[in-house]
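User: I am new to this structure and would like to learn how to read its features one at a time. Could you take me through them slowly?

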There are 2 protein chains.
Amino acid sequence: MSTSTQPSGDGPVTLINVFEVAVDQAETFLEQWRKRAEWMSTQPGFRDAVMHRALSSETRFQFVNVSHWDSAEAHRQAIAQPEFQAEVRAVAHDPRQRVAANPALYQAVAQLEPSS
Amino acid sequence: MSTSTQPSGDGPVTLINVFEVAVDQAETFLEQWRKRAEWMSTQPGFRDAVMHRALSSETRFQFVNVSHWDSAEAHRQAIAQPEFQAEVRAVAHDPRQRVAANPALYQAVAQLEPSS
């Protein structure tokens, strides 16, 4: 197993959450995500979040959240808050919603600018 | 079907490519991706690309590329180039590589900054 570029987790991290959401539930999902994200944005270590929506309704992952945090530890503390846990449970147990979330922490390992 | 916030596709777009890659192939994959990305960065309309790698080797999607383009059309023209198509075929037909790519175009539909 080669892990020479596996990131260490020290320093700033990127939270990427890849969502599978039924197209007819997209509006409700986005509204509820925004509520959670607004709360997240009050937490220590939060830098920014951008929610992306697919141009095509055929795309497998309709929504992708890319969010930056000061550290993995700051993010861990935020999602451990009872307030956030309650929100997540509410979504998970809502029979009207079929949402699969794939959240994970990442670090940038390559960056490119335009070249000629 | 509610599509009121489905992005229109006009203007700048974000290409997000979510990769499933065997952990023991991560280095080779990253090296080859970088070669393709360097070529991409010479194409008209390319703005930037950041490749993210998961902090944990247990993460389902080990790599996520987030790349910005001037327009969906500029991106379409870049990936239609024979040079790029040949690269993609080479990876797809390489029996040593087991890579599942999920590329799609997105637009930002929500953006948050820190608040208190």
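**Reading helices, pairs and an interface**

User: Which residues of α1(B) and α3(B) meet each other?

Analyst: B:Gln32, B:Lys35, B:Arg36, B:Trp39 and B:Met40 in α1(B) meet B:Glu83, B:Phe84, B:Glu87 and B:Val91 in α3(B), where contact means heavy atoms within 4.5 Å. These residues divide into four nonpolar, one polar and four charged; Ala, Val, Leu, Ile, Met, Phe, Trp, Tyr, Cys and Pro count as nonpolar, Asp, Glu, Lys and Arg as charged, and the others, Gly among them, as polar. Before going on, note that this is a predicted model, in which local features need pLDDT of at least 70 and side-chain atom pairs count only at pLDDT 80 or more, while totals for chains, interfaces and linings use all residues. Residues are numbered from 1 along each chain as its sequence is written, chains are lettered from A and ligands numbered from 1 in the order in which they are written, and side-chain values use heavy atoms, with hydrogens and water left out.

User: At what angle do helix α1 and helix α3 of chain B pack?

Analyst: Two packed helices are described by the angle between their axes and the distance between the axes. Here α1 (residues 26–40) and α3 (residues 82–92) of chain B pack at an angle of about 170°, with their axes 11 Å apart; axes are lines fitted to C-alpha atoms, for helices over the stretch in contact, and angles run from 0 to 180 degrees between N-to-C directions. The two helices are therefore roughly antiparallel to each other, a word used for angles over 145 degrees, with under 35 counting as roughly parallel, 65 to 115 as roughly perpendicular and the rest as oblique.

User: How many helices and strands are there in chain A?

Analyst: Chain A has three helices and four strands, taken as DSSP runs (helices H or I, at least four residues; strands E, at least two) and numbered from the N terminus. Along the sequence they follow the pattern β-α-β-β-α-α-β, and the C-alpha trace of the chain spans about 45 × 40 × 30 Å along its principal axes.

User: How do α2(A) and α3(A) cross?

Analyst: The axes of α2 (residues 72–80) and α3 (residues 82–92) of chain A come within 5 Å and cross at roughly 65°, which makes α2(A) roughly perpendicular to α3(A). A:Ala78, A:Ile79 and A:Ala80 of α2(A) make this contact with A:Pro82, A:Phe84 and A:Gln85 of α3(A). By class, the contact has five nonpolar, one polar and no charged residues.

User: With which residue does A:Arg53 form a salt bridge?

Analyst: Side chains of opposite charge can pair when their charged atoms come close. A:Arg53 forms a salt bridge (a side-chain nitrogen of Lys or Arg within 4 Å of a carboxyl oxygen of Asp or Glu) with A:Glu27, and their closest N and O atoms are 3.1 Å apart. Because A:Arg53 lies in strand β2 and A:Glu27 in helix α1 of chain A, the pair ties together parts that are 26 residues apart in sequence. A search of the whole structure finds ten salt bridges over all chains.

User: How many salt bridges does the rule find across the interface of chain A and chain B?

Analyst: The rule finds zero salt bridges there, although 56 residues of chain A are in contact with 56 residues of chain B. On the side of chain A that touches chain B, the largest share, ten residues, comes from β4(A), and the residues of that side divide into 27 nonpolar, 19 polar and ten charged.
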